[in-house]
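Visitor: I have a model open on my screen and a few things to ask. Could you walk me through it?

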Amino acid sequence: MSVTEELVPDDVIPHRHLPPLRYRELPEPLPWRRMVGPSIILAGLALGSGEYILWPNIVYHSGFVFFWACLLGVITQFFVNMEIERWTLVTGESAITGFSRLSRQWAWIFLILNIVPWAFPGWSTAASELLLGLLLGPDGGTEPLIAGTSLSPAGLLSIGSLVACGAILTAGPIVYNTVERLQMWLVGLILILTTIIGCAVIRPDAWVALGRGVASVGSFPDLQATGLTSMQLLGALAFAGAGGTLNLGQSGYIKDKGYGMGQYLGRIVSPLTGQEEAAAETGFHFHHTPENMQRWRGWWRAANIEHGISFLGTCVVCLSLLALIAYSLLYDEQGVLRSDATGLGSGMKFVWGQAELLGQRPLGVFLRYAYLIAGVAILLTTELGVLDGTARISADIVKVNYLLNHPGWTVSRLYSLFLWGEILLGSLILLFVTREPLLQVQLAAAMNGAVMFLYSLLLLYLNTKILSRSLSIGPVRFLVLVWSCAFFGYFTLQAAPPFLKTVWGLVTGGV
């Protein structure tokens with residue numbers, strides 16, 4: 001395919017302070033089955049965000065009364081993710097690079113919003129506590145090694161798991177291929193284990209209760225009666241799916257997989273074992289010929305099918321199974337909380353409570369271990385994905401906006417720098433701030449809800465005002481994106497007071 005250096009005019013796609021896009025032919029679309037991978041990675045991120053810790057705990061406190069909002073959150077994220085993919089399919093660039101074409105100020109804003117919310121390594125902490133608990137019991141490894149400090153065996157294992165994830169991501173020649181293979185195995189393991197547990201535990205009346213909950217659109221739990229907080233509910237909604245800037249990481253995954261115009265941009269490689277690829281940091285566009293438009297429709301159709309099956313399908317199945325398992329364990333056939341299920345608490349105590357109830361069932365030893373092993377896998381898929389996603393997003397922002405004319409600073413080298421910087425920051429938080437997993441997840445959720453409000457607004461503008469009519473958002477997707485802006489805007493306003501109170505408690509030692 002011949003390369004042309006014809007530049008895309010400003011009246012087609014403005015470039016502002018970045019180099020203009022260049023014209024190339026849109027590659028032939030792939031069948032959706034050959035596109036599977038990026039959405040599985042994103043689904044792996046979603047599983048540990050809310051599915052294992054937050055939503056089963058909400059079901060414990062209030063049944064399925066709020067589950068309609070969970071499914072609505074996942075569906076909303078499907079449409080938001082597809083708008084992120086739209087820009088990358090059309091240009092090969094990340095959505096954040098598209099935002100930077102509107103204003104350079106978005107570069108440093110999203111750099112901060114990408115690093116700070118994900119600095120709290122709650123998933124690593126939770127996975128470590130589960131792993132040690134399997135070996136030493138529920139409280140194993142949580143006692144401080146040194147009196148008056150937060151340093152414990154679980155904390156050390158958490159730091160070790162961060163370092164191990166960093167080593168895995170650094171060792172593979174092509175980072176995307178490493179992440180895809182690992183997430184495929186882990187997500188497959190999770191689906192198998194949760195399905196086995198579900199078949200053994202879930203009762204027919206639980207399915208009926210789930211159906212009623214989904215149909216009760218607009219219902220909310222009584223916060224005073226259930227003990228839930230608005231920060232918990234809104235955080236769970238933000239994490240019904242991947243959440244935060246990690247959704248924006250979908251741009252990098254589909255680019256490295258070779259979707260659309262992303263085939264013309266290089267991939268991130270390991271500085272130790274990979275061969276640096278020729279890369280273009282800014283993207284390309286295609287003339288709107290009948291042939292290219294036919295290819296575009298093929299890409300868009302296949303991308304929607306792949307994301308619908310791999311991301312939306314996986315999230316809905318796992319969310320539903322884990323919530324149904326929790327309900328079947330904790331409630332009787334009349335929908336009343338069982339006497340032996342009271343006082344389970346929240347966070348990891350709640351996870352251990354469910355595990356103990358599973359242990360009382362026929363084949364209980366197997367079910368208990370299967371549930372806890374699935375939990376370790378779920379949380380590790382999230383931690384691996386968080387480290388990879390934040391590093392690739394930060395590297396992309398810095399390279400495109402600040403180091404474009406510095407060939408020595410490749411995206412791959414910047415990726416490694418941000419990867420190990422995030423590991424160091426997470427380790428310091430574990431040592432000196434907090435190692436409570438649920439609190440860390442809730443803080444990340446509260447911050448990332450605000451991030452999602454911001455980029456929903458920007459995507460709405462980018463994909464309606466910048467892209468041509470034949471490539472831009474249709475009426476239904478436009479309304480969904482308006483809804484996303486409204487929902488996450490409301491989330492931001494409601495979550496701000498409890499979030500600030502919690503942060504103040506951490507600073508002053510009150511939490």
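Predicted model: local features only at pLDDT ≥ 70, side-chain atom pairs only at ≥ 80, totals over all residues.

Visitor: Which residues of α9 are buried, then?
Guide: Buried here means under 20% relative accessible area. In α9, the residues that count as buried are D205, A206, A209, L210 and G213.

Visitor: Within what arc do the buried residues of α9 fall, seen down its axis?
Guide: An α-helix has 3.6 residues a turn, so residues three or four places apart point the same way. The buried residues of α9 line one face of the helix, because the arc they fall within is 145°.

Visitor: How far apart are the end C-alpha atoms of α9?
Guide: Helix α9 runs over residues 204–215, which makes 12 residues. At 1.5 Å a residue it should span 16 Å, and the model agrees with that: the end C-alpha atoms are 17 Å apart.

Visitor: What does F99 touch?
Guide: Leaving out residues up to four places away in sequence, F99 touches W106, F110, L248, Y455, L458, L459 and L462.

Visitor: Is I423 buried or exposed?
Guide: I423 belongs to helix α16 (residues 411–432). Its relative accessible area is 3%, and the cut-off for buried is under 20%. So I423 is buried.

Visitor: How far apart in space are I423 and L387?
Guide: Setting aside neighbours within four places in sequence, I423 is in contact with L162, V163, G166 and L387. I423 and L387 are 36 residues apart in sequence, but from C-alpha to C-alpha the distance in space is 7.7 Å.

Visitor: Zooming out, what share of the protein chain counts as buried?
Guide: The chain has 18 helices and 2 strands. Among its contacts with a separation of 6 or more, 83% join residues 24 or more positions apart. Of its 511 residues, the share that counts as buried is 61%.

How values were computed
Residues numbered from 1 in each chain as written. Heavy atoms only, no water. Contact = heavy atoms within 4.5 Å. Helix = DSSP H or I, 4+ residues; strand = E, 2+ residues; numbered from the N terminus. Buried < 20%, exposed > 50% of the residue type's maximum accessible area, 1.4 Å probe, protein only. Expected span 1.5 Å × (residues − 1). Arc of directions from axis to C-beta.
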